[in-house]
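Biologist: I'm new to this one. Could you put it up on screen and walk me through it?

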Amino acid sequence: MNSFKTCRVVVIDDRTEEALPIIRALSRLGMGCIYFPGDRADDLPKSPLRGVGMVVLDMRLGVTGTSKQVASKTAKVFSTIVAEDNGPMLILLWTRHGDDLDAFKEALFATHPKFRGSILL
């Protein structure tokens, strides 16, 4: 790495051992990031962050249940961390449960419709 080549990146995963390879990969690319476990309200920022360019988001943040239940929790955590008026950003979602993806979009846009025009999933 010769220099920083960064956009503002947020990594959200309740399992540090799963987040660490992502953080390391970003580092090799010269991209710094902020990490949030997402499974405890005390660990979330007091006010949503602005200027985020990319979010790497685990879909199951310490909860189990139906895709709809999981997506609702994940959407709540996401909207607590990232400001609704943040502007354009890329969200990289990962899960082993394909139904989580559509359920997340539905839950997020239902409660925070301003995200609809500013994110690429």
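Predicted model: local features only at pLDDT ≥ 70, side-chain atom pairs only at ≥ 80, totals over all residues.

Modeller: Residues are numbered from 1 along each chain as its sequence is written, and side-chain values use heavy atoms, with hydrogens and water left out.

Biologist: Fine. How many residues does α3 have, and how far does it reach?

Modeller: Helix α3 has 13 residues and reaches 19 Å from its first C-alpha to its last, close to the 18 Å expected at 1.5 Å a residue. Helices here are DSSP runs of H or I with at least four residues, strands are E runs of at least two, and both are numbered from the N terminus. The expected span is 1.5 Å times one less than the number of residues.

Biologist: And which residues of α3 are buried?

Modeller: D100, A103, F104, A107, L108 and F109. Buried means under 20% relative accessible area, exposed means over 50%, and partly exposed is in between, using a 1.4 Å probe and protein chains only.

Biologist: What covers them?

Modeller: The cover includes β3 (54-58), α2, β4 (89-94) and β5 (119-120), going by contact, meaning heavy atoms within 4.5 Å.

Biologist: OK, α2 then. What's buried there?

Modeller: S67, V70, A71, T74, A75, V77, F78, S79 and I81 are. Their cover includes β1, β2 (33-36), β3, β4 and α3.

Biologist: Are F78 and F104 buried or exposed?

Modeller: F78 counts as buried because its relative accessible area is 0%, and F104 is buried at 0% too. Ring pairs also link F78, F104 and F115 into a cluster.

Biologist: Switching topic: which residues line the largest pocket?

Modeller: D14, R15, E18, D58, R60, W94, T95, R96 and H97. On a 1 Å grid over the protein atoms alone, a pocket is an open set of points where a 1.4 Å probe fits, with protein on both sides within 12 Å along at least five of seven lines; lining residues have an atom within 4 Å of a point.

Biologist: How do they divide by type?

Modeller: Into 1 nonpolar, 2 polar and 6 charged. Asp, Glu, Lys and Arg count as charged, Ala, Val, Leu, Ile, Met, Phe, Trp, Tyr, Cys and Pro as nonpolar, and the others, Gly among them, as polar.

Biologist: Where is C7?

Modeller: C7 is in the segment before β1 (9-12), and counts as partly exposed because its relative accessibility is 30%. Leaving aside neighbours within four places in sequence, C7 is in contact with M31, G32, G53 and M54.

Biologist: And what does H112 touch?

Modeller: With neighbours within four places set aside, H112 is in contact with S79 and E84. H112 is in the loop between α3 and β5.

How values were computed:
Phe/Tyr/Trp six-rings, centres within 6.5 Å; stacked < 30°, edge-to-face > 60°.
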